[in-house]
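Here's a quick briefing on the structure below. Have a look at the fold first, then work through the points by topic.

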Amino acid sequence: MAKVELKQPIVEEIANNIKDAQAVVLVNYSGLTVEQDTILRKELREAGVHYKVYKNTLLRLAFNDLNVSMDDYLEGPTAIVFSSDDIAAVKILSDVAKKNEALELKAGIIEGNVQDKAKLEEFARIPSREGLYTEE
């Protein structure tokens, strides 16, 4: 069996996860300790957010299958986060990145639009629904 045939199911899985998610975020996780990564994964899991590490080549193929250009952000170690909530993943990742400089937001897709790091940080500053209700 050729290597391409072995990779295709993984590429399809990634593409399906991207299509099904309300938010997709790419992060550079290099430099996180095992303990820090475990805490991050736990926080994300509790929020119903999926965190996965794939090879950049597989991510690039999945994004290309969906006609989304993310090539500029697929350099170095990359983890991808899939969320059914537009903001939850971005907020968690941003909070963890503030505590651990080793974690860096790269880019993401929110509501079908590619967002750079600066835009993701803007989204992270949006108050939660509960926060908006209490401000009234």
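Predicted model: local features only at pLDDT ≥ 70, side-chain atom pairs only at ≥ 80, totals over all residues.

The expected span of a helix is 1.5 Å times one less than its number of residues.

**Helix H4**
- H4 runs for 12 residues, and its first and last C-alpha atoms are 17 Å apart, close to the 16 Å expected at 1.5 Å a residue.
- Buried residues in H4 are Ala88, Ala89, Val90, Ile92, Leu93, Ser94, Val96 and Ala97.
- The cover over those buried H4 residues includes strand E1, helix H2, strands E3 and E4, and helix H5.

**The largest nonpolar core**
- Which residues have the most contacts inside the largest nonpolar core? They are Val25, Val27, Leu40, Leu44, Val81, Leu93 and Leu103, in a core of 21 residues.
- At least two residues of this core come from each of E1 (23-28), H2 (34-46), E3 (79-83), H4 (88-99), E4 (104-110) and H5 (117-124).
- H4 is the top contributor here, giving 6 residues to the core.
- Leaving aside residues up to four places away in sequence, Leu93 touches Val25, Val27, Leu40, Leu44, Val81, Leu103 and Leu105.

- Helix H1 covers residues 3-20, so to speak the 18 residues whose first and last C-alpha atoms sit 26 Å apart, close to the 26 Å expected at 1.5 Å a residue.- Val11, Ile14, Ala15 and Ile18 are buried in H1.
- Among the elements covering the buried residues of H1 are E1, helix H3 (56-65), E3 and E4.

**How H2 and H4 pack**
- H2 and H4 pack with their axes 10 Å apart, at an angle of about 160°.
- Angles over 145 degrees count as roughly antiparallel, so H2 is roughly antiparallel to H4.
- The crossing of H2 past H4 is right-handed.
- On the H2 side, the contact is made by Leu40, Glu43 and Leu44, and on the H4 side by Ile92, Leu93 and Val96.

**Thr57 in H3**
- Thr57 has its place in helix H3.
- Thr57 and Val11 are 46 residues apart along the chain, and their C-alpha atoms are separated by 9.4 Å.

- Asn67 is a residue other than glycine with a positive phi, near 60°.
- Where does Asn67 lie? Asn67 is in the loop between H3 and E3.
- Asn67 counts as exposed because its relative accessibility is 70%, and the cut-off for exposed is over 50%.
- Glu111 is not a glycine either, yet it has a positive phi of about 50°.
- The loop between E4 and strand E5 (113-116) is where Glu111 is found.
- With a relative accessible area of 56%, Glu111 is exposed.

Key: Residues numbered from 1 in each chain as written. Heavy atoms only, no water. Core = buried A, V, L, I, M, F, W, Y, C linked by side-chain atoms within 4.5 Å. Buried < 20%, exposed > 50% of the residue type's maximum accessible area, 1.4 Å probe, protein only. Helix = DSSP H or I, 4+ residues; strand = E, 2+ residues; numbered from the N terminus. Contact = heavy atoms within 4.5 Å. Axes fitted to C-alpha atoms, helices over the stretch in contact; angles between N-to-C directions. Parallel < 35°, antiparallel > 145°, perpendicular 65-115°, else oblique. Left-handed = near helix turned anticlockwise from the far one by under 90°.
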